[in-house]
Each structure stands twice: as C-alpha cells, then as structure tokens.
Amino acid sequence: MSGPRAPAALPTDDGGLLHPGERALHARLGRGAAVARRAARMIHDHMPPAHQQLLAARRGLVLGTVDPEGRPWATVIAGPPGFVRPRGPQVLGLAATLPPADPAAAGLAEGAAVGLLAIDLETRQRCRLNGGLHRVPGGWEVAVAQCFGNCSQHIRRRRLAWGPRQDGPGQRWRGLPPGAAARLAAADTVFVATLADRPAGREVDVSHRGGPPGFIAVAGNRLTVPDYRGNQLYNTLGNILVRPVAGLCLVDFARGGLLQLTGRARLRDGPAGGRPEAWELDVTETVWRPGGLGLLGSVLT
C-alpha cells in the first residue's frame, strides 16, 4: 500500500501544469521529463475550438464537486443540446442546476472549484476541464483553468436517449449496501471525482474509468479499481496520492438512475512497486437516485 507521501516540491519543467502528487508518480517511474513535455502539449489554459464543439453538443456532462465536509462527489447533469455553452475560449456556461437530493449540489457555490468531463459515448471522444464557478442568471459559468483531451480507451460505446426523470429524495446509506455493491460489480463504466491543492487554490478533477463488466472488485465497503494505461499524466492517481479521498458515480443506463459514492481512497502498488496497479475506495456514504438523470443508454457494438 502507498499513502499520501508526495514530496513537498520536485524539480519540474512543466510550467506548473502538474502538481506534486502527479510529479511524484512520474519521478517514481523515471518519466518525469517525458511527461512534463506531454503535459505542455496536452494541457491548455483555455478550451480549444474542437473541445468547444464537443462541449456544446452534449446532452449530459459529468461534474465533480467537493462538499463542505471536504468529500468529493461525481454526478451527471443533463439538458437539451445548448445547455452547455462555451462563451469564448475561457468561459463555459451551464444552463442547469442540481436537485437538492444530489450530494454534489452541496459543492455548488460562488467561487467553488469544479471538474467537468465531456464524453461522447458514441464516438468515444472526450475532454476534461477544471476551473472556478460563478453564479449567473439561469445557471453557472465556469472560468476555465485547465482543459485537455483524453484518449478513447476503455469507453463502452452507447447511444443516449431521453427517458423519464424523477427528482425524488433518493436513498442514503452509510457504507455500501448490498444492492449498490451488486450494481458496481456488474458495471463497465464509472466516473471518479478527486481533488488536489495548488498554490492558487483547490483543484477538482473528474474522469472516466471503464473496463469489462466486473472490472471493479467489491468486498464489503471496499472497491478496487484497476488502473489501466492511459495518457500517463496520472491526474487521478496523483490527486489520490496527496488527497486520499474520491467520489464515484455509476449511471444506470437502463433506467436513467444515478448511484453516487464517496469515501477514503488509497493507491495499491504493483508487485514490484513502481506504477500503481489499482486504487481502492473505502465507501463511507452511498446515494441512490432512481430516475435522477433521465438519460438512457443502449450499448453499441
């Protein structure tokens, strides 16, 4: 097991794009300089035109927030095309809000840090961004701090359609109830919210994790999520290294429901140390909102 043992500072030539947790993992693998060069190419302080187009076409957007107790939550907000509207390269408008039953709603406040993920499940295109919230009439604006694309690996292709939506109170449990455990054990797609601290303030990230049904191992209140190779920036793992908490969201694509979890996280190193082979989440709270999304998804071959 590894804990939050990132050094306070590491030599870097990434221009401040990465934080000490991410750099610590890169240094452990002997790839600090190579990843710094990749980060400089990938990570923007604005939304490039292709990312603006991807965002503007979305009917659903994954959102990561942090509640007043410091717990990250992941959720999905939905609306008709145009509810996500880039207003220039550095401001993203969101004509939507979250119902009180959504635990991520507690993290929506003026100036709060958020993470966003735009993902087209049909084409497997995706981009991530993070920034700060500002309240505006009819919704929110996000002042973009970072925006970057991700590869299409491990994304299960689906076609989305509208279904019935229910904004009821949902159900809450301490820990992980059996019904939620069964859903997670059969999942092929989840979204994870993590956070880190930078000199300028908090940073929230939300990302996709996918694999064959059953790729998440469930034992009691503990989930084990394998870390498949991706862009090798280690944003999620670097965040967990310095802030060992995470939030998970599972979409019930058959009925439009949302299962949301939060808890304590840790990295699990591989047999030879070095690159972590997985990360674990000890679930402290679970929220189930049947019909809380209203988007359905059919699998495409």
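Modeller: This is a predicted model. By the distance rule, the count comes to 24 salt bridges.

Biologist: What makes R58 and D120 a salt bridge?

Modeller: The cut-off is 4 Å between a side-chain nitrogen and a carboxyl oxygen. The closest N and O atoms of R58 and D120 are 3.4 Å apart, so the pair meets the rule. R58 sits in the loop between α3 and β1, D120 in strand β5, and 62 residues separate them. R58 and D120 are both buried.

Biologist: Why is E285 with R71 said to tie parts of the chain together?

Modeller: The closest N and O atoms of E285 and R71 are 2.7 Å apart, within the 4 Å limit. E285 lies in strand β16 and R71 in the loop between β1 and β2, so the bridge joins parts 214 residues apart in sequence. Both E285 and R71 are buried.

Biologist: How do you know that R158 and D188 form a salt bridge?

Modeller: Their closest N and O atoms are 3.1 Å apart. That falls within 4 Å. R158 is in strand β8 and D188 in the loop between α4 and β10, so parts 30 residues apart are tied together. R158 and D188 each count as buried, which means under 20% relative accessible area.

Biologist: Which residues join into one network?

Modeller: D67, E69, R71, R172, R174 and E285, through salt bridges that share partners.

Conventions:
Residues are numbered from 1 along each chain as its sequence is written. This is a predicted model: local features need pLDDT of at least 70, side-chain atom pairs count only at pLDDT 80 or more; totals for chains, interfaces and linings use all residues. Side-chain values use heavy atoms; hydrogens and water are left out. Helices (H or I, at least four residues) and strands (E, at least two) are DSSP runs, numbered from the N terminus. Buried means under 20% relative accessible area, exposed over 50%, partly exposed in between (1.4 Å probe, protein chains only).
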